[in-house]
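Please look over the structure shown below before reading on.

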Amino acid sequence: MNETVLAWAAVAVTMMIWASFLIVTRAAATAQLGPVDVGLLRFVPAALLFAPIWLRRSPLPPGARPIEIVTIALTGGFAFVFLLSWGMRYAPVADSGVFAPSMLPFHVAVLSFFLLGERFSRMRIAGFAMILAGALGIGGWDIVHNAGGGAWPGHLLFSLAAILWACYTVAYKRSNIKPVDAAAMICFWSSLAFLLLLLVMPSRIPATPPSTLALQVVMQGVLSGFVSTMTYGYALSRIAPSKVAACAALVPVMAAVGGWVFLGEQLDPAKAFGIAVVATGVLLASGAVRARQRTAG
């Protein structure tokens with residue numbers, strides 16, 4: 001199996017983990033956990049799993065510059081998770097899927113254009129536009145229309161988190177850090193940052209039911225923190241950031257379908273149409289359609 005196929009497989013695994021996290025979070029009702037708790041549950045178990053890496057090579061990968069450590073380890077780890085989980089205190093989890101993964105392709109495309117010199121065909125630009133339109137159909141319009149209930153701070157935090165994740169995505173692509181080293185670095189420094197926050201922010205973990213805690217350790221620490229950090233980094237090392245980020249728009253789509261199948265959530269015609277539009281947009285924005293045309297030729 002060649003590296004490109006493995007990279008796209010890594011993208012698929014990453015998106016499934018992200019979507020599963022949104023579904024499980026809705027079902028488990030983890031609103032009692034604060035931003036520091038979510039960060040600790042996500043990065044401390046992952047940092048322990050990565051211990052053989054950062055103990056052997058140190059948490060500063062060879063050749064990594066200080067600016068790369070900050071932009072990759074902290075914006076892609078600590079700051080992103082803190083803002084995303086903080087936003088969930090003001091807005092529903094489902095809203096985060098629209099404001100973070102759905103908007104990520106646009107932030108990454110803009111940064112890739114200016115910082116990486118990437119240029120986009122008309123077909124890919126049309127794909128990005130379809131992703132935005134589909135996201136509005138899935139839930140964005142309802143969110144914006146009903147934002148008067150005090151959810152707007154959450155939407156702002158979700159948007160800031162997406163921008164920071166885009167910065168991490170492009171910064172990692174510009175670096176020469178290996179995927180495993182980058183993942184270990186992210187988890188080590190992010191876990192340390194959240195542990196330091198315990199000095200000023202209390203933790204609710206001791207009062208959390210054991211079943212909820214175990215679920216979060218698996219979903220946050222093992223899958224999101226350990227597995228998806230590695231698979232996302234591996235995909236970025238082989239595929240253009242804008243193409244990987246385009247696939248992130250499938251996360252709210254997968255979460256909506258999963259909510260319909262597993263939780264019995266309503267999937268009205270507008271959402272169904274939005275799902276079809278986003279899926280088509282991802283095919284165009286990721287370059288998959290163009291790649292098939294070349295192969296056929």
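How much space lies in the largest cavity? About 240 Å³ lies there, where a cavity is a set of points, on a 1 Å grid over the protein atoms alone, at which a 1.4 Å probe fits but cannot get out, and where a volume is the space filled by probe spheres set on the points, which are joined across faces, edges and corners. This is a predicted model, in which local features need pLDDT of at least 70 and side-chain atom pairs count only at pLDDT 80 or more, while totals for chains, interfaces and linings use all residues. Residues are numbered from 1 along each chain as its sequence is written, and side-chain values use heavy atoms, with hydrogens and water left out.

**Cavities**

- A search of the whole structure finds 3 cavities of 30 Å³ or more.
- The largest cavity is lined by 15 residues, and the closest to its centre are Trp18, Phe80, Leu84, Ala100 and Pro101; a lining residue is one with an atom within 4 Å of a point.
- Helices H1 (3-28), H4 (66-87), H5 (93-99) and H8 (152-174) each supply at least two residues of that lining, and the largest share, 3 residues, comes from H1; helices here are DSSP runs (H or I, at least four residues) numbered from the N terminus.
- The lining of the largest cavity divides into 11 nonpolar, 3 polar and 1 charged residues, where Ala, Val, Leu, Ile, Met, Phe, Trp, Tyr, Cys and Pro count as nonpolar, Asp, Glu, Lys and Arg as charged, and the others, Gly among them, as polar.
- The second largest cavity has a volume of about 90 Å³, and of the 14 residues that line this second cavity, the closest to its centre are Arg42, Gly76, Trp165, Ser224 and Thr229.

- Ala19 lies in helix H1 and is buried, with a relative accessible area of 3%; buried means under 20%, exposed over 50% and partly exposed in between, for a 1.4 Å probe and protein chains only.
- Leaving aside neighbours within four places in sequence, Ala19 is in contact (heavy atoms within 4.5 Å) with Val251, Met254 and Ala255.
- The C-alpha atoms of Ala19 and Val251 are separated by 5.0 Å, although the two residues are 232 residues apart along the chain.

**Salt bridges**

- The whole structure has 3 salt bridges, each a side-chain nitrogen of Lys or Arg within 4 Å of a carboxyl oxygen of Asp or Glu.
- Arg238 pairs with Glu3, the closest N and O atoms being 3.1 Å apart, and this pair links distant parts of the chain, with Arg238 in helix H10 and Glu3 in helix H1, 235 residues apart.
- Arg238 is partly exposed at 37% relative accessible area, and Glu3 is likewise partly exposed at 46%.
- Arg65 and Glu68 meet in a salt bridge at 3.3 Å, N to O, and Glu68 is buried at 8%.
- Glu118 and Arg124 meet at 3.2 Å, N to O, and both residues are buried.

**Helix H2**

- H2 is mostly covered, with 12 of its 15 residues buried, among them Asp37 and Arg42.
- The cover over the buried residues of H2 includes helix H3 (51-57), H4, helix H9 (179-197) and H10.

Methods:
On a 1 Å grid over the protein atoms alone, a cavity is a set of points where a 1.4 Å probe fits but cannot get out, and a pocket is an open set with protein on both sides within 12 Å along at least five of seven lines; lining residues have an atom within 4 Å of a point.
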